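Please examine the structure below. The questions that follow ask on what grounds its features are named.

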Amino acid sequence: MSIFRVFPGDNPIENLYDRINYVIRPDAARLAFIYGAWVSPIFTYEQMVWAKEIFDQMDGKTFYHCLFNPEDDESYSEESYFYFSVEVAEILSAFVERKQVLMAIHFDEPPGLHTHFIMSNTGIETGVRFDLGRTQLRELKQQISATAVRYGLSQLRQKQWMS
């Protein structure tokens with residue numbers, strides 16, 4: 001089964017820059033496989049901070065770092081996996097309130113491709129803060145799982161919480 005996990009942590013705004021740089025680092029990600037939903041992949045940090053400043057959402061948890069790992073023995077093309085990952089970024093962006101999401105596929109670690117997502121928790125239209133709880137994560141995983149199956153990937157493990 002595929003895995004979608006949300007990394008634990010407070011994720012204050014001070015950590016956002018380093019986390020974005022980790023996700024898009026050149027030794028792991030390729031420029032053509034980086035995507036932004038409601039945010040530029042080049043100016044992600046500046047745009048996320050700007051949206052948070054406008055809505056006075058600079059304190060506390062400010063973003064989520066998520067990871068998708070397809071099952072080890074699955075067969076897929078890089079192109080179809082990219083389109084799947086873009087669709088997941090759009091699902092994350094539209095879930096509950098429209099949010100900024102950065103997506104980057106990593107090619108650096110065996111056994112194969114995996115995707116990182118940095119999701120702001122501030123709605124870009126209303127400034128409402130989004131807090132991901134167990135119920136919402138379950139709903140989110142169901143949407144991502146259905147999308148994975150449509151792309152020929154295995155469904156997600158549903159019982160795993162943040163780890």
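**Strand pairing and cores**

Val 6 has Cys 66 of strand 3 as its bridge partner. This is a predicted model, in which local features need pLDDT of at least 70 and side-chain atom pairs count only at pLDDT 80 or more, while totals for chains, interfaces and linings use all residues. Residues are numbered from 1 along each chain as its sequence is written, and side-chain values use heavy atoms, leaving out hydrogens and water.

Q: What makes strand 1 and strand 3 a pair?
A: Two strands pair if DSSP finds at least two bridges between them. Strand 1 and strand 3 share 4 bridges in the antiparallel sense, so they meet this definition.

Q: How do you know that strand 3 pairs with strand 5?
A: These strands run antiparallel and are joined by 6 bridges; in strand 5, Phe 117 stands opposite Cys 66.

Q: What makes a set of residues a nonpolar core?
A: Such a core consists of buried Ala, Val, Leu, Ile, Met, Phe, Trp, Tyr and Cys residues joined through side-chain atoms within 4.5 Å. The largest one here has 30 residues, and Phe 68 and Phe 117 are among those with the most contacts inside it. Helix 3 supplies its largest share, 8 residues. A second, separate core has 13 residues, including Ile 13 and Ala 104.

Note on methods: Buried means under 20% relative accessible area, exposed over 50%, partly exposed in between (1.4 Å probe, protein chains only). Helices (H or I, at least four residues) and strands (E, at least two) are DSSP runs, numbered from the N terminus.
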